[in-house]
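Please look over the model shown here. A short report on selected parts of its fold follows.

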Amino acid sequence: MVAHRRLGPCLSTVIDTESQVGLTQFLHRALRFVRGGLDAPETGAATAQGRPVSGLRSSLADTGPGVAEARPSAPTRRREGAPTAKASAGIVTRDQHSISRRNISNNALRVLYRLRDAGFQAYLVGGAVRDMLLGVVPKDFDVATDARPEQVRQLFRNCRLIGRRFRLAHIHYGQEIIEVATFRGSGEGDEDEGDGDREIANGRLLRDNVYGSLEEDIFRRDFTANALYYNIADFSIRDEVGGIEDIKARRLRLIGDPEKRFREDPVRMLRAMRFAAKLDFTLDPAMARRIPQLAYLLGEVPPARLFDETGKLLLSGCAQRSFDLLREHGLMPALMPQVADSLAGADGAKAEQFIRAALASSDARVREDKTLTPGFLFAVLLWAPANAIHERLVESGTEANLAWQRATDAVMATFCRRVAVPRRFSLVTQEIWTLQHWMTRRNRRRVTRLLTHPRFRAAWDFLALRAQVEPELASLVEWWQAAQNLEGDALHAHVESDIATPVAGEQEAPRKRRRRRGGRRRRGGGAGGSSAPDGGND
């Protein structure tokens, strides 16, 4: 009855908020309130922040001081001694920046507000803040909080915890995923300053789940442009490292000593190339000088991580610029040795022209929101070494089709030891290469089969790119382009009217006669009725 008397005075007001917070959340929070587990609303703080407290807490705040005094006060989550937002010199107030909640995903706002309402700190961080300051619409939204991953999971039923190296919470809203990370500590000083675990080997950070404060988390970020924190409580930006000034200057600068930070995580060198290409930033000279000297550290990175970062370099719409930066800063030999060797070889100019044409085409497809598979780009990058091996095998007497199988297997096996390309993409690469051979041999049955092959369109696009550096392929490209628009008798007539001749130095292999198993038997054998194999015995 006491609980009912507590809930009764504010029930009519609380019901009005049901449409805002949802029926399930309303019932859950009402039950917590009855049991005395709901935090008291901070009415003064909400007013000072310029935004009313949402949901049930807003309703209870309007019921008068009697209700608020009957419940326990909200726990203070801030670390002792941590500077407040207004006391810090790194605070950019709302009237001093251009970020608006209208540009933030509704799902990201839901996550921020729920964390805030639960008594945790909640900040929008990283690339989303940077992109909005640049006037670019963000594609992803990341959140930083002082809540532990397990506490985040308790707040969100649609949450999944992932990661071993970095423990993260992924909150799923259909196709959109909001990534939530707990503030990370420096791992230095007294052991009592943070909890969790960290593993470092030879200066490289293998696992970092030491939790800390906001101030520590800021200096655990990689680049100053990514160390900006948008506070949902008062809509200010926390900038302790000069990130806003670097964004204005379009400068990419690493936080801390470049050598130490690159040794902690060598993938940061690849991230620097990607951000510089994507944002059209210049690299800070102190950081740029260290990259060629430390490029060899990429050999110590797990191949799966290198594939993830390589995919971002190639599929972000700035592949051509990323390719130039990798070569300029000496990262190509460490990341893709086979590609570096082909570019430095006798036909390096031809290989570079082919790669540039393909990367320019892929960037255009990304800008037009067209699909693009990594398998196609790997086929482009590794075409020169694969074709060289194929030619050597054919010269040694290996049948052309078998030579392609061996060449593709050899090239992909070597490449995957450095960059772990998943099988679903490496198969696409190998099929594109194999179809290049079959597209030069045209007859009625083979043409029909190739036109219905799932990789035909990618193989034809690849052939068209080859024709830009191999003019003798132009007629073959036109022939297949016409064949795609024909069916039935028209297609058969097209095939019969122009039977292909081998191109690009390839010769049609002579058809071998099948041998009969067991040989041919003679009629009317000897006395025993037996017969000798064709040719007899001497």
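The sections below cover a sheet, a helix across it, a helix pair and one serine.

## The model

This is a predicted model.

Eight strands form an open sheet: 8 strands in the order 1-10-9-2-3-6-5-4. The pairing is mixed. Strand 1 (91–92) and strand 4 (159–162) are the edge strands. Each of these pairs on one side only.

Strand 3 (residues 142–145) pairs with strand 6 (residues 176–182). The sense is parallel, over 4 bridges. Within strand 6, Glu179 is the residue that stands opposite Asp142.

## A helix across the strands

Helix 7 (residues 106–117) lies across strand 2 (122–125), strand 3, strand 5 (168–173) and strand 6. Relative to strand 6, helix 7 runs at about 35°.

## Helix 15 against helix 20

Helix 15 (residues 303–315) packs with helix 20 (residues 374–381). Their axes are 11 Å apart, at an angle of about 90°. Helix 15 and helix 20 are therefore roughly perpendicular.

Helix 15 contributes Phe307, Thr310, Leu314 and Leu315 to the contact. Helix 20 contributes Pro374, Leu377, Phe378 and Leu381. By class, the contact residues are 7 nonpolar and 1 polar, with no charged.

## Ser342

Ser342 sits in helix 18 (residues 337–344). Is Ser342 buried or exposed? Its relative accessibility is 15%, so Ser342 counts as buried; the cut-off for buried is under 20%.

Leaving out residues up to four places away in sequence, Ser342 touches Asp347, Gly348, Ala351, Ala384 and Pro385.

Note on methods. Residues are numbered from 1 along each chain as its sequence is written. This is a predicted model: local features need pLDDT of at least 70, side-chain atom pairs count only at pLDDT 80 or more; totals for chains, interfaces and linings use all residues. Side-chain values use heavy atoms; hydrogens and water are left out. Axes are lines fitted to C-alpha atoms, for helices over the stretch in contact, and angles run from 0 to 180 degrees between N-to-C directions. Helices (H or I, at least four residues) and strands (E, at least two) are DSSP runs, numbered from the N terminus. Angles under 35 degrees count as roughly parallel, over 145 as roughly antiparallel, 65 to 115 as roughly perpendicular and the rest as oblique. Contact means heavy atoms within 4.5 Å. Ala, Val, Leu, Ile, Met, Phe, Trp, Tyr, Cys and Pro count as nonpolar, Asp, Glu, Lys and Arg as charged, and the others, Gly among them, as polar. Two strands pair if DSSP finds at least two bridges between them. Buried means under 20% relative accessible area, exposed over 50%, partly exposed in between (1.4 Å probe, protein chains only).
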